[in-house]
Amino acid sequence: MLCDINPKGDSIDPLTPVSFVPMPAVSDEQGIILEHGVRPFGEVAKGYTRFQDGDVIFAKITPCMENGKIAVARGLHNGLACGSTEFHVLRPRENVVLADYLWRFLRRQSFRDEAQHHMSGAVGQQRVPVEFLKKTLVPLPPFEEQRRIVAKLDVLFERLQSASADLAAMPKLIKQYRQAVLDAAFRGELTSAWRIANIDTAPAQEFYEERQGWAVKRTRQSGLGRDEKSAILTRDPALERTLAEVAAGRSLPSTWLWCGLGEVFGTYVGATPSRKEPAYWGGEIAWVSSGEVAFCRISNTKEKITSDGLANASTRMHPAGTVLLGMIGEGKTRGQAAILDTEACNNQNCAAIRVSEGDYPPEYVYWYLYAVYERTRSAGAGNNQPALNKEKVQRLPLPLAPPVEASAVVRALEARLAPMQRIEDELASSRKHADRLGEQLLGRAFRGELVAQDPNDEPADELLKRILSVQAEPADARRGRPRRAVAQEA
């Protein structure tokens with residue numbers, strides 16, 4: 001009643017230039033037709049869907065429909081277009097329903113969810129059947145009220161989109177601020193006043209020498225496996241060159257020094273017990289997979305292994321305060337870190353860095369790995385399977401602060417970053433609220449709650465009678481101002 005669905009077109013000269021609108025030309029975010037090409041009608045007359053200015057095109061195939069590829073056709077070449085066969089075309093009846101009113105109705109998330117429920121066809125090729133659109137009930141206010149509803153929605157959605165754009169820009173600013181704070185922390189700038197007040201603090205060199213002495217002692221112990229002996233890295237000419245390059249580009253306080261991460265902290269790679277042995281799994285021993293290493297603290301794990309699983313895999317238990325570093329993956333995992341808040345072992349795709357074993361604050365290393373996340377990822381690039389390995393992790397340059405100052409750095413960092421985290425959480429909540437608000441506005445609009453009704457408007461029942469008279473169909477008796485009609489073909 002309200003519109004013709006998939007109407008047949010008139011005869012057109014094959015040489016007439018018309019717009020060509022493939023599916024990618026429809027924006028799922030804005031619900032508009034973006035730039036489109038022009039072709040002679042004869043080239044696209046067969047095998048494509050025809051429509052014209054003022055039509056509403058509705059993507060019927062998954063996932064385009066769910067994403068919101070629904071638009072009012074405007075600015076078409078010669079007012080005509082041919083496009084994807086995956087469009088349904090709805091042509092609003094003149095002076096009955098506004099295209100923009102119908103478009104807003106169809107774009108609602110609730111309508112798209114309902115349409116998805118009625119899809120048919122094979123998985124990946126499901127489509128909204130035309131019968132669903134024909135039977136869809138549309139709340140029909142007087143034509144002039146439709147204009148007021150559309151105008152009001154245009155104003156409100158413009159404001160909402162502006163606010164959403166501002167919210168979307170904030171995470172980038174917060175990220176820049178966080179990075180600036182982290183960079184300042186690991187240049188020693190956040191603790192410059194602390195150093196003046198604690199001038200007698202032993203330099204980092206003493207801690208470095210202590211850890212190297214511990215490493216030498218352990219390598220002399222009998223019965224140690226190869227992995228245990230190499231847990232602490234010994235400096236070599238290649239590492240010397242790397243550290244010299246880093247130091248040349250970034251100075252540190254005189255009491256700090258550049259060293260390889262593995263020169264001062266034991267570094268281990270884990271393993272996965274055989275999945276073919278049920279007796280290795282479902283125990284009480286926490287076992288960390290690389291997917292759980294996501295800039296967080298870990299107090300529990302998704303999977304646990306048994307003592308047999310631990311004994312039959314080349315993984316080992318690490319104390320609380322160990323920092324884990326993801327080593328494998330093209331996604332976000334490689335280069336992400338986590339702190340163990342409980343004793344646990346880990347799989348082969350992450351390195352365990354025993355920071356607390358050296359009586360050093362693990363948060364210092366954690367936040368440094370956060371600060372150099374992108375650089376760490378680059379260190380593992382260049383292979384078919386982008387990855388770090390134990391040696392690359394050990395050789396990551398670390399600006400080593402004296403242990404007591406490292407704790408002061410952590411306190412200064414967290415005091416500045418905690419408010420940013422709260423703001424991020426509030427922003428995420430606000431963005432969800434903005435998404436919900438748009439749907440709420442549409443709900444109010446189609447319940448007749450958004451704009452005032454005007455007694456001078458043609459009543460909806462008169463509009464309905466006029467539609468039915470054109471179709472020569474008997475009109476149902478209606479009282480008041482009914483607001484529901486059926487969107488059917490003529």
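The model is predicted, so local features need pLDDT of at least 70 and side-chain atom pairs count only at pLDDT 80 or more, while totals for chains, interfaces and linings use all residues. Residues are numbered from 1 along each chain as its sequence is written, and side-chain values use heavy atoms, with hydrogens and water left out. The structure has 20 salt bridges (a side-chain nitrogen of Lys or Arg within 4 Å of a carboxyl oxygen of Asp or Glu), and a search of the whole structure turns up zero disulfides (pairs of cysteine sulfur atoms within 2.5 Å).

**Salt bridges**

- Glu144 and Arg147 pair up through their side chains, with 3.4 Å from N to O.
- Both of these residues sit in helix α6 (residues 143-185), three residues apart, or about one turn of the helix. Helices here are DSSP runs of H or I with at least four residues, strands are runs of E with at least two, and numbering starts from the N terminus.
- Glu144 is partly exposed at 39% relative accessibility, and Arg147 is partly exposed at 40%. For these labels, buried is under 20% relative accessible area, exposed is over 50%, and partly exposed is in between (1.4 Å probe, protein chains only).
- Arg235 and Glu240 form another salt bridge, at 3.7 Å from N to O. Arg235 is partly exposed with a relative accessible area of 27%, and Glu240 is partly exposed at 41%.
- Arg235, Glu240 and Glu263 are tied together in a network of salt bridges.
- Arg447 bridges to Glu449, with the closest N and O atoms 3.2 Å apart; Glu449 is partly exposed at 41% relative accessibility.

**Arg112, buried without a salt bridge**

- Arg112 belongs to helix α4 (residues 109-117).
- Arg112 is buried but has no salt bridge, and the nearest side chain of opposite charge is Glu439, 5.7 Å away. In this charge count, Lys and Arg are positive, Asp and Glu are negative, and His and the chain ends are not counted.
- What the Arg112 side chain does reach is the backbone oxygen of Arg107, at 3.0 Å.
- Setting aside neighbours within four places in sequence, the contacts of Arg112 (heavy atoms within 4.5 Å) include Met65, Glu66, Asn67 and Leu106.

**Arg354 in strand β18**

- Arg354 is found in strand β18 (residues 350-354) and is buried, with a relative accessible area of 10%.
- Leu340 is 14 residues from Arg354 along the chain, and their C-alpha atoms are 9.8 Å apart.

**A three-stranded sheet**

- Strands β14, β12 and β17 make an open sheet in the order β14-β12-β17, with mixed pairing. The edge strands, β14 (303-305) and β17 (345-346), each pair on one side only.
- Strand β12 (residues 281-288) runs parallel to β17 and is joined to it by two bridges; strands count as paired if DSSP finds at least two bridges between them.
- Val288 has Asn346 in β17 as its bridge partner.

- Cys64 is buried at 16% relative accessibility.
- Cys350 is in no disulfide, and the nearest cysteine sulfur, that of Cys345, is 9.8 Å away. Cys350 is buried, with a relative accessible area of 0%.

Note on methods: A polar contact is a pair of N or O atoms within 3.5 Å; within protein, one must be able to donate a hydrogen and the other to accept it, and residues adjacent in sequence count only if both atoms are side-chain atoms.
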